[in-house]
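Student: I have a new model open and would like to go through it piece by piece. Can we start with the strands?

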Amino acid sequence: MRVSVFAALAAATLLAAGATPPRAVHATPYRPPTTIPQVASLTDGVWLKGDLHIHSRHSRDSSNNPVRKILALADHAGMDYLLISDHDNHVNGDVAHNIWVDPEYRSDRMLLLYGAEWTTHRGHATIISAVPYDHQALYDIADDRDTVIAALKRKLGVHLSANHPGTHDAFAFSYDFVDSVEAWNSSVWATNAINMHIWDDMLKSGRKMTGRGGSDSHHGVPDTPDQATPLTYEAYINNVGTPTTWVFAKARTRHAVVDALTNGRVSISANPYDPRVEFTADLDDDGHPDMMQGDNAKPTGKPVAFHVALVGRMDRAAAYSVDVIKDGEKFTTVSLTGAHPEAVFTDTPITTARTYYRVEVHGPQTPYPEVPGSMKLSGDMIALSNAICFNFDPQF
Ligand SMILES: [Zn+2]
Ligand SMILES: [Zn+2]
């Protein structure tokens with residue numbers, strides 16, 4: 001109180017003397033980008049589903065989980081792509097001669113990616129790549145400064161995704177070299193809110209950062225009773241695809257999967273059988289979508305019609321509730337019902353600031369019989385969209 005009275009007196013004295021009033025702390029006005037590249041085609045592509053955070057027998061904290069068991073479950077659940085992301089420190093960084101050369105890491109149908117869980121003292125990240133890269137180099141500089149890590153990551157051309165950013169082994173590196181964040185980490189669902197909060201904070205900072213899912217599953221379903229341990233029972237709760245990350249890829253290729261992930265054309269479902277949420281925006285009121293989740297555009301100053309739809313297997317008699325998040329705060333709630341559940345809401349993003357919108361869908365789970373305990377683990381959030389952005393920095 002004494003300080004503020006003093007400050008008020010000091011300001012009054014200055015003004016009385018005809019001096020310029022003190023500048024506000026945030027005196028520099030926000031300058032929206034002058035140009036933003038045109039949004040890519042909304043129809044030229046295919047939705048592909050997968051999981052980017054799975055541990056196999058190549059991680060020491062995994063049990064009863066050979067690669068063939070993971071791939072069999074993934075194939076059965078209809079996955080299109082997959083990354084087995086074992087802890088790199090369990091093989092001293094040499095993932096290239098362990099998981100990548102495992103003869104069981106092969107599939108005729110699924111796109112299998114290259115990567116590992118970069119497991120450091122300052123947090124964990126999943127490294128994701130369409131092609132083999134020098135993971136050992138990244139492992140070797142894990143204790144170096146962020147600028148050094150950022151330069152190497154750029155040189156390698158890999159996608160780096162912060163894992164369970166706010167919970168166990170919280171991510172304590174700069175987010176300036178991060179491409180996506182594990183907004184939905186299944187195994188810690190009870191405390192996942194902090195991961196979502198960090199993702200929102202990154203979006204608020206103008207980083208058009210992708211939110212993705214990751215099961216972080218470690219254990220396989222027992223083949224025989226003698227393989228059953230308390231840990232293997234976790235396989236019935238948290239396994240491949242809990243949650244499932246969908247990407248709108250330009251083609252069914254490894255490169256297109258990673259590109260879609262980087263661009264944010266991504267949707268997350270609680271399990272591989274739950275419906276996917278499709279989130280689009282019609283900017284010019286012609287009834288056709290002009291943007292989808294992950295896209296960025298300049299606002300026109302006119303109202304935008306946002307469209308939310310659930311696509312896939314679901315209970316046709318059920319009602320789903322959609323929370324719309326605008327700039328980190330709940331903006332509105334809409335409901336979805338019927339055979340083709342869809343809803344529209346309208347808002348006018350201002351031209352002089354950044355704005356983003358994303359949606360969370362709540363409702364009954366579609367059963368995942370192979371992993372029945374996952375239904376309880378994920379609560380009633382069945383789907384999560386990425387953000388539709390306005391005035392975001394196109395450089396990021
Ligand atoms: Zn981890
Ligand atoms: Zn992990």
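Student: Which way do β18 and β19 run, and how many bridges join them?
Tutor: Three bridges join β18 to strand β19 (residues 381-385), and the two run antiparallel. Strands here are DSSP runs of E with at least two residues, helices are runs of H or I with at least four, and both are numbered from the N terminus. Two strands pair if DSSP finds at least two bridges between them.

Student: What stands opposite H362 in β19?
Tutor: M381 stands opposite H362 there.

Student: Before I go on, what kind of model is this, and how is it numbered?
Tutor: The model is predicted: local features need pLDDT of at least 70, side-chain atom pairs count only at pLDDT 80 or more, and totals for chains, interfaces and linings use all residues. Residues are numbered from 1 along each chain as its sequence is written, while chains are lettered from A and ligands numbered from 1 in the order in which they are written.

Student: What is the average pLDDT of the protein chain?
Tutor: The average is 91, and 91% of the residues score at least 70; pLDDT is the predictor's confidence in each residue, from 0 to 100. Over residues 1-18 the pLDDT is below 50, and that stretch has three contacts in the model beyond near neighbours in sequence. A contact means two C-beta atoms, placed from the backbone, within 7 Å.

Student: Back to β18. Which strand do six bridges join to it?
Tutor: Strand β15 (residues 320-326), which runs antiparallel to β18 (residues 355-362). K326 has Y357 in β18 as its bridge partner. Three bridges also join β18 to strand β20 (residues 388-390), again antiparallel, and Y356 stands opposite C389 in β20.

Student: What is the strand order in the four-strand open sheet?
Tutor: The order is β12-β11-β14-β17, with antiparallel pairing. The edge strands are β12 (291-292) and β17 (342-347), each pairing on one side only. Seven bridges join β11 (residues 276-282) to β14 (residues 304-311), and F279 has V308 as its bridge partner in β14.

Student: Changing topic: where is D327, and what is its phi?
Tutor: D327 is in the loop between β15 and β16 (329-336). Its phi is positive, about 50 degrees, although D327 is not a glycine. Most residues other than glycine have a negative phi, and most peptide bonds are trans.

Student: Which peptide bond is cis?
Tutor: A cis bond joins T242 and P243, with omega about 10 degrees. P243 lies in the loop between β8 (210-214) and β9 (244-249).

Student: Why does T35 count as exposed?
Tutor: Because T35 has 7 C-beta neighbours inside 10 Å. The scale is 20 or more other C-beta atoms within 10 Å for buried, 12 or fewer for exposed, and partly exposed in between, with C-beta atoms placed from the backbone. T35 sits in the loop between α1 (2-16) and β1 (46-51).

Student: And G123, what does that touch?
Tutor: G123 touches D169, A170, F171, A172 and F173, not counting residues up to four places away in sequence. G123 is in strand β5 (residues 123-129), and is partly exposed because 19 other C-beta atoms lie within 10 Å. D169, one of the residues it touches, is in the loop between β6 (159-162) and β7 (180-185).
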